[in-house]
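Dear colleague,

I am handing over the structure shown below, together with a short account of what was found in it. Please read the account with the structure open beside it.

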Amino acid sequence: MKITLKIKGMSCEHCKMRVEKALSAIQGVSKVDVSLFWKNATIEASSDIPDEKLKGAITEAGYEVTDIKRK
Ligand SMILES: [Cu+2]
């Protein structure tokens, strides 16, 4: 499934890399695509990942999730 996260606080390539790393480390995540322009991240996951887990990973990296969409 595809999950799109709106992320607050990313401003440069370094932020992008931190977010990519944090999301890639979550079990079940196979693909991570972070956009600095759109301030979001789209991930491909083998099964659903709870909001808490996604938010936790991003918070730990120093950013904030403001919205999560699944499809
Ligand atoms: Cu940065």
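Helix H1 passes helix H2 in a right-handed crossing. The two helices pack at an angle of about 140°, and their axes are 9 Å apart. On the H1 side the residues that meet the other helix are Arg18, Val19, Ala22 and Leu23, and their counterparts in H2 are Ala57, Ile58, Glu60 and Ala61. Sorted by class, this contact comprises six nonpolar and two charged residues, with no polar ones. Please bear in mind throughout that the model is a predicted one.

Glutamate 60, which lies in helix H2, deserves a separate remark. Is this residue, glutamate 60, buried or exposed? Glutamate 60 counts as exposed because it has 11 C-beta neighbours inside 10 Å, and the limit for that class is 12 or fewer. Between glutamate 60 and valine 19 there are 41 residues of separation in sequence, while their C-alpha atoms are 9.7 Å apart in space.

The sheet comes next. Four strands form an open sheet in the order S2-S3-S1-S4, and the pairing is antiparallel. Its edge strands are S2 (29–35) and S4, each of which pairs on one side only. From one strand to the next, the twist averages 20°. In general, the strands of a sheet pair through backbone hydrogen bonds, in either a parallel or an antiparallel manner.

The individual pairings may be followed across the sheet. S2 and S3 run antiparallel and are joined by six bridges; here valine 34 stands opposite alanine 41 in S3. Strand S1 (residues 2–8) is joined to strand S3 (residues 40–45) by five bridges, again antiparallel, and isoleucine 3 has isoleucine 43 of S3 as its bridge partner. On S4 (residues 64–70), S1 pairs over six bridges in the antiparallel sense, with glutamate 64 of S4 as the bridge partner of lysine 8.

H1 (residues 13–24) lies across S1, S2 and S3 and runs at about 160° to S2. H2 (residues 51–61) packs on the sheet as well, where it touches S1 and S4, and its direction makes about 145° with that of S4.

What does the largest nonpolar core contain, and which residues have the most contacts inside it? This core has 15 residues, and those with the most contacts inside it are Ile7, Val19, Ala41 and Ile58. S1, H1, S3 and H2 are the elements that give two or more residues to the core. Of these, H2 gives the most, with four residues. As a general matter, nonpolar side chains in soluble globular proteins tend to be buried together.

Valine 19 illustrates how these parts come together. Leaving aside residues up to four places away in sequence, valine 19 touches Ile7, Met10, Val34, Ala41, Ile58, Ala61 and Tyr63.

One backbone detail remains. Lysine 39 is found in the loop between S2 and S3, and its phi is positive, at about 55°, although the residue is not a glycine. Most residues other than glycine have a negative phi. Lysine 39 is partly exposed, because 17 other C-beta atoms lie within 10 Å, whereas a buried residue would need 20 or more.

With kind regards

Key:
Residues numbered from 1 in each chain as written. Predicted model: local features only at pLDDT ≥ 70, side-chain atom pairs only at ≥ 80, totals over all residues. Pairing = 2+ DSSP bridges. Axes fitted to C-alpha atoms, helices over the stretch in contact; angles between N-to-C directions. Contact = placed C-beta atoms within 7 Å. Core = buried A, V, L, I, M, F, W, Y, C linked by C-beta atoms within 7 Å. Left-handed = near helix turned anticlockwise from the far one by under 90°. Nonpolar A, V, L, I, M, F, W, Y, C, P; charged D, E, K, R; others polar.
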